[in-house]
Amino acid sequence: MKAIPSLIGFLALAVFTALTGCGPRQDDWPSAPLPQNAVAILTHGDEAQPEQDRATSAILRKAFPNATSLVANQLAASGPILRREGTVLVVPRVRELSPETWRSLALYLSRGGRALFWGLDPTHAPGDTTCTLLRPASEFFSFTTRNLRGLPAGTLSSAQPIRMQSPFPRPTGNSGVATASQRWIPLAEARDAAGAIQGWPASLWIEASTQAPLRAWGWIGWDADPAFARAQQALLQTAASRLYQRQFLIHAGLDRFALEANEPIHISAQFAATPAGSGPWRIVAEMENEQRVVTRRIAETISLNASATLVTTSLFFGAASRRADQPQRMTLRVALANPETGEIIDETRQPLRLRPENPSARAVGEDRIGARGSTFILGRRPSARLGARLVSHAATPHQNALDPDVFNLDLLRADLTRFRDAGINSLTVAYTSIAQAPQLRILLDELRNNQLAILLELPALSPWKPNESLAKEQLEALRLAPNSRIFAISPGPIAPPQNGEQNERLNAAWAHWIREQYGSPEHAQALLNADVQTFSPASLWDKNAGLSTELQLAARRFLNDFIARHYRACRNLLLASGWTGLFTAPSATTLDPAAGAWQLDFLSLDGAALDPTDPNRTAFFTAYARAVSGSKPILWFDVSATIPYPPTPDTLRTQAEQLDAQLRALVRTHAAGVILDRIVGGPLDADGLDRGLIRPDGAWRPSGDTLRARAQDWRHESLTIPPWRGREVDIGNAPGGLPELWTREKETAGPEATDELRAIGWDRLSSETPLLNLAGGPVQPPEPLQFFNAQWQLASSFETEATLQAPLREPLQMDVLNTGLSRWTASVTGNVGSVWISAVRNGFRPLLLPLRETAPGATAHLTWTPSDAGSWTLRPLIYPSTLFGEPLRVEVLDALKP
C-alpha cells in the first residue's frame with residue numbers, strides 16, 4: 001500500500017540495508033514512563049472495604065501513587081479530569097460495575113478515552129456498549145497457571161496454581177492486511193510446564209476509524225493478590241503506559257507468512273496519528289534470522305501537512321533471499337518510533353518462512369496414503385484415518401485459520417501437538433482463497449514434524465457454483481510436491497443450494513437432462529405427471545414440497561447424474577493440475593452417497609447424521625455407503641458432541657458419553673476413519689454452542705480422554721469387512737433418499753444392522769435383469785431405467801454435455817463407466833439384454849459397437865474408427881433397442897480444426 005498522497009508532507013529517503021549480519025537487534029522496547037496525574041482510578045464509593053478490596057487499593061496506590069480518584073456514580077460529571085490529555089482510567093473490581101457505570105464508560109471510550117479494566121468475571125455491558133475482551137462468560141475463559149511471561153522483570157513462576165481469565169485470541173495486526181481496523185495486543189501470556197500457551201491474562205484492544213476517535217482499552221484478568229503484588233503492579237503500569245502513549249500501529253507487516261525465493265517484499269503499515277496531525281513519525285522494519293541477527297533494515301520518516309487519524313504507508317524491502325533446499329525461519333519486526341529520540345512507541349512481530357527454490361524430495365521411509373478395498377493404507381499397511389478439522393479459534397470462529405489476519409503460528413504449533421498427542425493422524429483444512437496459500441505451505445511443513453496429513457477442501461469445486469479458474473490458481477499457488485502431506489482433496493461441506501444464482505445452474509442442468517433422458521419436456525411431463533419445466537430440483541431439500549413419487553425419483557436420478565458428471569470434471573481438473581492423490585466429496589450435498597460414488601476414491605459421510613442414541617442407524621448408513629460404492633473406504637467427517645459454553649461438569653460428562661457412543665459405533669461398523677468437527681473448545685456462535693474436546697487453555701476435557709481411548713481401539717480393530725450374508729435393500733424405492741430408507745428398514749434391521757448389505761439387483765447380469773423405469777413400472781422409452789446407468793469417462797469441464805471432436809478414419813479411444821446396479825452382459829449378437837454402444841448419425845441406421853462384460857463401477861474400453869464425417873451420438877444400449885445413460889456427442893471431421 002502506498003502512503004496517503006493528500007496527507008504526506010514529505011517522505012524521507014528510505015535507508016535500505018541488505019547486508020547479511022548487520023548485527024544483533026536492539027533489546028525489547030521499554031514501557032514508557034507515566035508522568036504524574038496521568039492515571040485516574042475509578043472507585044465504587046464503599047465506606048467499608050472488605051479484605052479483597054483493601055488489597056486492590058494497596059496495589060493500585062503502589063502502582064500509581066499520584067493517581068486521581070473518581071467515584072463510579074459521579075463518572076458522568078467528571079468530564080474535566082477525563083478530558084485531560086492522556087488520562088488513563090483504571091477500573092478495578094469489574095464484576096461490580098453497574099449498568100449506569102457501564103453506559104458512562106462506553107461514552108467515555110467512544111470519545112477517545114482510555115480505560116484499563118482489572119479483575120475476574122467482568123459483567124456484561126448493557127445494550128451495544130459491550131467492550132471486546134470483556135464480553136460475558138461465553139466470550140472469555142478461566143484457567144489456572146504457574147508460569148506468567150511478559151512481565152517487565154521477566155517470568156513469574158509460582159509453586160501454587162493462580163486463577164486467571166483470558167480473552168480468546170484475536171488478530172494481532174502483524175499481517176499488514178489493509179482491511180484490519182482492530183488489533184489485539186497481548187501483554188502477558190501464561191504457559192504450562194511444557195511451554196504451551198494457556199491464555200493471555202493481560203492484553204489491550206484497539207479500534208481505529210477515520211470517522212471517530214481511536215478507541216483503546218485493556219483488561220487484566222487477575223484478581224488482586226498480596227502474594228503477587230509486585231507482579232500485578234508491573235502489569236498495571238505496563239498496560240497503563242501503553243494506553244497513555246496514544247500512538248498505535250493498527251496493522252503492519254506482510255500479507256503472507258511465507259515467501260518464495262526472489263519474491264518482492266512489500267511491507268504495509270498503518271498507524272493511528274493521535275492527536276491528529278502530530279508527528280513526525282518513523283517506521284522501521286527489520287528482518288531477523290533465528291539467531292535474532294538483523295539481516296535487513298529499512299526506515300521511513302513521515303510528516304503530515306493536514307490532520308489525520310490514520311496514516312498508511314508502504315516500504316519496499318527488496319527481494320527474498322535464495323535458499324537451496326531447506327526453508328529458513330525469519331521474523332519481521334515493524335516499529336513505530338519517535339524520529340527525534342529513537343524511542344519505540346509500538347511494534348509488531350511477524351514470523352516468516354523463506355521457501356527454498358528446490359524443495360527436498362520425499363523423506364526416506366515416508367509412505368503415501370492410499371485406498372485399498374474398504375480401508376486406507378499407509379504404504380502397504382492398513383491405517384484408519386482419525387482426524388479433526390483445523391479451524392480458527394473461538395474469537396473468530398467464522399474466519400479461516402489460514403487467513404493472514406488471523407494466522408497464528410504459535411497457536412498452530414500448539415494445536416498440532418495436541419492433535420498428535422491425541423492419536424490424530426489427519427486434519428481437514430479449507431482452502432478458500434489465494435491469500436491462504438503461503439500459510440498453507442507453512443502448515444504442510446509443520447505437519448511433517450507431527451506425522452500428520454491433510455484432507456484439503458477446495459470450495460471452488462462446489463457443484464452449485466464451481467470456479468474452475470480459481471481452483472486452478474489455488475493449486476498452482478501451492479506448487480504441490482510429492483511430499484506435500486496432502487492425502488486427499490474434496491470440495492468440502494456444501495449446503496443445499498441457497499440462492500437464485502446457485503439454483504439457476506441447477507435448473508439449467510435439469511432442463512438439459514430432461515431433454516437428454518426423456519426426449520422432450522412433454523414426454524417427461526406425461527410420464528411424471530408434473531410440470532417439469534417449472535419444477536426446480538432444489539425442492540428435493542424441502543420436506544414440505546409435496547412431490548409425487550415419480551417426480552421425486554426422477555429428480556434424485558437427475559441429481560445423481562449431475563453430481564457424478566461434476567465430480568468427473570473435478571477429477572479432470574485435478575489431474576491436469578498434477579494431482580495424483582485421492583479425491584472425495586461429501587454425501588450431504590446430494591441426499592444419497594450413491595451420487596458420484598464411482599468418481600470418488602472413498603466416500604465422506606456427514607457426521608450430522610450420527611445419533612449416539614441409535615448406533616444401528618450409524619451402522620446402516622456405513623454399510624449402505626459401502627454397498628453403493630463397491631466397498632470403498634467410508635470416512636465420517638465433522639463428527640461432534642455439542643454442549644453449551646461455558647460447560648458444567650454435567651454437560652462435560654454428557655459430551656464424553658455422546659462422543660464415546662458415536663466412536664464405538666464407527667469402530668464396530670468398520671468405518672475407515674472419522675474427522676472430528678473441532679478439538680479446541682470455545683463458543684462457536686451467538687448461541688454459545690461448543691464442540692471442543694480440549695479446554696481453551698489446552699487441558700483435556702473428559703470427551704478428549706474418550707477420543708484418545710477410542711484412537712487405541714481403532715488401531716487394534718480389524719479393518720477387514722465381514723462377508724456379505726444375503727442382506728439386501730430396495731435402494732430404488734426410496735424417493736426420500738437414505739433417511740427414508742433407514743426409516744423403512746430399522747423396524748426389521750435388528751442386530752443385522754451391522755451386516756454388510758447390497759442393493760436389490762446388485763451385480764445381476766443385464767440379460768437377467770428386468771427393464772423397469774425408476775418407479776418400478778414398464779418402460780416407455782425414452783426414459784431413465786432403474787437398474788441401468790452409464791457415464792462417459794472423458795476430459796470434460798464443468799459443462800453439462802459430453803462432447804468430443806475426432807478425425808475421420810482414425811481410431812478413437814473411449815471409456816464408458818457402468819454407474820448402475822446391473823452387470824453388463826458382454827455384447828453378443830442376438831442376445832437380448834446384452835449391452836452395446838449405439839453410434840447414430842442423423843438419417844442413418846445406428847451402428848452397434850461391442851463391449852466386454854462390465855461390473856458395476858467398472859469401466860469398459862471402446863475403440864471406434866468413424867468411417868463417415870458428421871455429428872454422431874454414442875450411447876449405451878440394451879439389446880435390442882433400449883438406450884440408457886449419458887449420451888456422447890462426437891463431431892467427426894475430415895481434418896481436425898486447428
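Predicted model: local features only at pLDDT ≥ 70, side-chain atom pairs only at ≥ 80, totals over all residues.
**Stop 1**

Start by selecting Gln247, which sits in the loop between helix 4 (229-245) and strand 12 (248-253). With a relative accessible area of 10%, Gln247 is buried, because the cut-off for that word is under 20%.

**Stop 2**

Next come the aromatic rings. A search of the whole structure turns up 29 aromatic pairs. Select Phe141 and Phe168 to see one of them, a tilted pair with 5.0 Å from centre to centre and 50° between the planes. This pair links distant parts of the chain, 27 residues apart: Phe141 belongs to strand 7 (residues 140-151), while Phe168 lies in the loop between strand 8 (154-167) and strand 9 (182-191). Are these two rings buried or exposed? Phe141 counts as buried at 4% relative accessibility, and Phe168 is buried too, with a relative accessible area of 2%.

For another pair, move to Phe620 and Tyr624, whose rings are stacked at 6.5 Å centre to centre with 25° between the planes. Both residues are in helix 11 (residues 615-629), and because they are 4 residues apart there, about one helical turn separates them. Phe620 has 0% relative accessibility and counts as buried; Tyr624 is buried as well, at 1%.

**Stop 2: a cluster of rings**

Which residues do ring pairs link into a cluster? Select Trp464, Trp510, Trp513, Tyr518, Phe535, Trp541, Phe558 and Phe562, and you have it on screen.

**Stop 3: the surroundings of Trp714**

Go on to helix 13 (residues 702-716), where you will find Trp714. Trp714 has a relative accessible area of 5% and is buried. Leaving aside residues up to four places away in sequence, Trp714 touches Ala384, Leu663, Leu666, Val667, Ala671, Ala672, Gly673 and Val674.

**Stop 4: the largest cavity**

The structure holds 8 cavities of 30 Å³ or more, and the largest has a volume of about 540 Å³. To find the largest cavity, select Arg557, Asn560, Ala594, Asn789 and Thr819, the closest to its centre of the 30 residues that line it. Then colour helix 10 (549-576) and strand 35 (790-793), each of which supplies at least two residues of the lining. Helix 10 gives the most, with 7 residues. If you colour the lining of the largest cavity by class, expect 15 nonpolar, 9 polar and 6 charged residues.

**Stop 5: the second largest pocket**

Finish at the second largest pocket, which holds about 820 Å³ of space. Which residues lie nearest its centre? Select Arg389, Val391, Pro493, Asp638 and Asp677, which are among the 34 residues lining this pocket. Strand 29 (residues 634-639) gives the most to the lining, with 3 residues. By class, the lining of the second largest pocket divides into 17 nonpolar, 9 polar and 8 charged residues.

Definitions and conventions:
Residues numbered from 1 in each chain as written. Heavy atoms only, no water. Buried < 20%, exposed > 50% of the residue type's maximum accessible area, 1.4 Å probe, protein only. Contact = heavy atoms within 4.5 Å. 1 Å grid on protein atoms, 1.4 Å probe; cavity = no way out; pocket = protein on both sides within 12 Å on 5 of 7 lines; lining within 4 Å. Points joined across faces, edges and corners; volume = space filled by probe spheres on them. Nonpolar A, V, L, I, M, F, W, Y, C, P; charged D, E, K, R; others polar. Phe/Tyr/Trp six-rings, centres within 6.5 Å; stacked < 30°, edge-to-face > 60°.
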